[in-house]
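Please read them next to the coordinates.

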Amino acid sequence: MELPDQSEFLKTIIYLFVTYYKIILYGLGVTILLSVVGTIGGFVLALGLTQQRVIHIDKKREKRFTRILKQTLKSLGNGYVTLFRGTPMIVQAMIIYYGIATLDIFSWWNPLTAGLIIVTINTTAYISEVLRGGLQAVPIGQMEASRSLGLTHNQAMRKVVWPQAIKNSLPGIGNEFVVNLKDTAVLSVISVVDLFYAVKQSASATYRTIEAFVIAAIIYLIITYISSKFVNYLQKRVGTAKVVKV
Amino acid sequence: MKKFLSIFVLMMFGISLSACADSRETLVVGLEAAYAPFNWSTQTANEHTVRLDGQIGYADGYDVVVAKYIAEKLNMKLVVKAIEWDGLIPALQANTIDVIIAGMSPTAERALTVNFSDIYYRSEQVMVVLKTSQYVNATSLTDFSGAKVVAQLGTLQDDLTDQIPNVNHLTPLESYGAITQAVRSGEADAFVAELPVAQSIIGTNSDLTFVQFDEENGFVVTDEQVSVSIAFRKSDTELLEQINEVLASITTEQRNEWMNDALDRQN
């Protein structure tokens with residue numbers, strides 16, 4: 001296929017897609033991989049992190065040493081969230097990727113593996129905030145009832161409070177996935193071949209930049225639309241209490 | 001879904017394995033693959049292209065031809081990695097790549113961090129404008145007085161922009177793709193580019209053209225500013241000497257021919 005003339009906007013878009021569909025689809029795959037791994041990994045890590053941040057300190061019964069230890073864990077957890085929510089992912093990516101590459105300690109360290117780790121640690125901080133909100137939304141009566149039925153604090157957290165908190169958090173976590181689909185575009189700064197990077201490369205020989213990025217916009221829109229629909233569906237199936245129709 | 005994931009896991013291992021080859025038998029070259037005609041990426045292989053390490057597709061362009069020539073002369077296996085411009089020098093220092101062959105000008109600032117080879121291409125600086133622009137018939141920098149001019153972040157062209165009298169120096173952009181767009185959309189009146197880059201841009205963007213200057217009416221530049229060199233780690237002096245020897249064997253005619261061929265292939 002010949003490169004269409006400057007004035008042929010639509011034809012140029014079709015030309016770019018037909019010529020570069022391989023790298024564009026590869027980039028799409030990487031974007032989805034980053035978002036899936038980032039959101040699932042971030043969720044699992046955030047469970048631990050959030051528990052660490054809401055750890056229960058019993059001032060009357062616990063020894064001083066235990067209290068200090070718990071308080072330290074709590075502060076570390078909060079510090080993590082402040083650090084990773086308070087700096088842009090693009091900055092984290094530059095520091096972490098080139099920092100560790102300079103140390104030269106991992107043979108498997110490349111843009112993709114680094115990108116997966118960066119998006120995961122970043123998402124952990126965000127999902128931890130979602131989960132903390134979910135925990136706070138569980139009425140205090142749940143804990144009180146559990147305790148009066150003879151459960152320890154930890155048992156009550158594990159069996160009564162956390163399941164409800166996770167249920168409360170599902171929309172927020174799903175939202176985090178949709179956000180990741182778009183925000184992982186910044187990882188192209190460390191040369192992760194995601195959808196954004198792939199599309200940019202597809203314009204590298206011709207400098208038809210707008211046309212190339214229209215392709216990116218369409219693909220991003222399709223995947224975020226589908227995943228928002230899926231998140232809504234999931235939410236209905238899990239059945240978070242009865243929702244007021246608006 | 002499982003199959004889908006396992007393919008990606010394999011892909012990741014493939015990338016990580018290919019990354020750890022002995023650096024003395026292989027020459028790992030870093031470039032943007034987005035700075036035509038020096039280097040760009042393509043999906044179709046030809047006799048000049050080299051597979052891009054860790055992604056789908058091939059690198060083509062003047063730099064790739066030079067890299068291939070060097071690797072052949074030094075009997076090394078050539079690996080080409082596409083890396084964002086800002087990441088090239090960090091990647092060099094992190095041993096991710098051995099050399100940068102990316103149309104990079106050997107400026108004094110960069111030379112504090114990396115070593116540069118002898119010049120492997122020399123070019124002149126021009127201004128790219130819309131064909132319909134009021135600046136089309138400009139003959140000197142003074143004619144661009146008051147124009148909105150844009151350039152790529154962290155490049156020589158961005159520094160040169162300030163030589164235009166009363167210039168409205170816009171915030172520098174990330175890539176030539178974005179810069180081209182800024183001029184096409186009228187957001188900027190012009191941008192400064194090396195002649196081959198300008199030629200390649202107007203070759204694919206028929207609404208653009210470029211303005212050349214006589215030596216006394218154009219930008220004041222030093223030799224090192226208008227030339228491109230290969231960058232090395234400070235410690236890597238042996239490789240630098242070997243590659244300088246190879247570069248010395250390439251005549252100016254040969255260089256110009258390679259550049260013209262690259263411009264042809266790109267369109």
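1. Phe213(A) counts as buried because it has 20 C-beta neighbours inside 10 Å (buried: 20 or more other C-beta atoms within 10 Å of its own, with C-beta atoms placed from the backbone; exposed: 12 or fewer; partly exposed: in between). Phe213(A) sits in helix H8 (residues 209-238) of chain A. Phe213(A) lies 14 residues from Val199(A) in sequence, with a C-alpha to C-alpha separation of 6.5 Å.

2. On provenance and numbering: this is a predicted model, in which local features need pLDDT of at least 70 and side-chain atom pairs count only at pLDDT 80 or more, while totals for chains, interfaces and linings use all residues. Residues are numbered from 1 along each chain as its sequence is written, and chains are lettered from A and ligands numbered from 1 in the order in which they are written.

3. Chain B has an open sheet of 5 strands with mixed pairing, in the order E11-E10-E12-E9-E13 (strands are DSSP E runs of at least two residues, helices H or I runs of at least four, numbered from the N terminus; two strands pair if DSSP finds at least two bridges between them). Its edge strands, E11 (168-169) and E13 (208-211) of chain B, each pair on one side only.

4. Strand E10 (residues 148-150) of chain B pairs with E11(B) in the parallel sense over 2 bridges. Val149(B) has His169(B) in E11(B) as its bridge partner.

5. Between the chains, the contact takes 33 residues from chain A and 38 residues from chain B (contact: C-beta atoms, placed from the backbone, within 7 Å). H6(B) gives the largest share of the chain B side, 5 residues.

Terms used. Two residues are in contact if their C-beta atoms, placed from the backbone, lie within 7 Å.
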